[in-house]
Amino acid sequence: MKKNLYYTIEKEISDDGETLNGNKTITVYEIVNNEPNTLASINCSIEDNSWTEIQHYLEDNGYNKAEFEFILL
């Protein structure tokens, strides 16, 4: 059975406050005891695939044998 992980994407804005600077932050959450718990905060390029970045993080941190469903909030 797949475990649900939820994520948000925040695109970073340049100092001028009007344009994107090319970076984003992906925040990944798991639900523990009916409460959201931050599992990871991943900084990457806007060009990078969010699902791939999350999967790489999970593999690098010992979650490579688990199956996950990624749900964008």
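Mentor: Gladly! Helices (H or I, at least four residues) and strands (E, at least two) are DSSP runs, numbered from the N terminus. This is a predicted model, where local features need pLDDT of at least 70 and side-chain atom pairs count only at pLDDT 80 or more, while totals for chains, interfaces and linings use all residues. Residues are numbered from 1 along each chain as its sequence is written, and side-chain values use heavy atoms, leaving out hydrogens and water.

Trainee: Which pattern does the chain follow, read along the sequence?

Mentor: Start with the elements: the chain has one helix and four strands. The helix is H1, covering residues 50-60, and S4 covers residues 68-72. S1 spans 3-13, S2 spans 20-32 and S3 spans 35-45. Read along the sequence, the pattern is β-β-β-α-β.

Trainee: In which strand is the place of Lys-24, and how far away is the nearest side chain of opposite charge?

Mentor: Lys-24 sits in strand S2. Lys-24 is buried (under 20% relative accessible area; exposed is over 50% and partly exposed in between, with a 1.4 Å probe and protein chains only). Lys and Arg count as positive and Asp and Glu as negative, with His and the chain ends not counted.

Trainee: With which side chain does the side chain of Lys-24 make a polar contact?

Mentor: A polar contact is a pair of N or O atoms within 3.5 Å; within protein, one must be able to donate a hydrogen and the other to accept it, and residues adjacent in sequence count only if both atoms are side-chain atoms. Leaving aside neighbours within four places in sequence, Lys-24 is in contact (heavy atoms within 4.5 Å) with residues including Glu-10, Ile-42 and Asp-48. Its polar contact, at 2.8 Å, is with the side chain of Ser-50.

Trainee: Is Ser-50 buried or exposed?

Mentor: Ser-50 lies in helix H1. Beyond its neighbours within four places in sequence, Ser-50 touches Tyr-7, Ile-9, Lys-24 and Ile-26. Its relative accessible area is 10%, so Ser-50 counts as buried.

Trainee: What arc do the buried residues of H1 cover around the axis?

Mentor: Ser-50, Ile-54 and Leu-58 are buried in H1. The arc they cover (taken from the directions from the helix axis to the C-beta atoms) puts them on the same side of H1, because it is only 70°.

Trainee: How many residues apart in sequence are the parts that the pair of Trp-51 and Phe-70 ties together?

Mentor: There are two aromatic pairs in the whole structure (rings of Phe, Tyr and Trp, its six-membered ring, with centres within 6.5 Å; planes under 30 degrees apart are stacked, over 60 edge-to-face and the rest tilted). Trp-51 and Phe-70 have ring centres 5.9 Å apart and planes at 70°, so this pair is edge-to-face. Trp-51 is in H1 and Phe-70 in S4, so the pair ties together parts whose separation in sequence is 19 residues.

Trainee: And what is the centre to centre distance of the aromatic pair of Tyr-63 and Phe-68?

Mentor: Tyr-63 is partly exposed at 31% relative accessibility, whereas Phe-68 is buried at 13%. The pair is edge-to-face with 70° between the planes, and its centre to centre distance is 6.2 Å.

Trainee: With which residue does Glu-30 form a salt bridge?

Mentor: The structure holds one salt bridge. The pair links S2 and S1, 27 residues apart, with the closest N and O atoms at 2.9 Å. Glu-30 is buried at 13%, and its partner is Lys-3.

Trainee: What positive phi does Asn-33 have?

Mentor: Most residues other than glycine have a negative phi. Asn-33 is found in the loop between S2 and S3, and counts as exposed with a relative accessible area of 73%. Although Asn-33 is not a glycine, its phi is positive, at about 55°.

Note on methods
A salt bridge is a side-chain nitrogen of Lys or Arg within 4 Å of a carboxyl oxygen of Asp or Glu.
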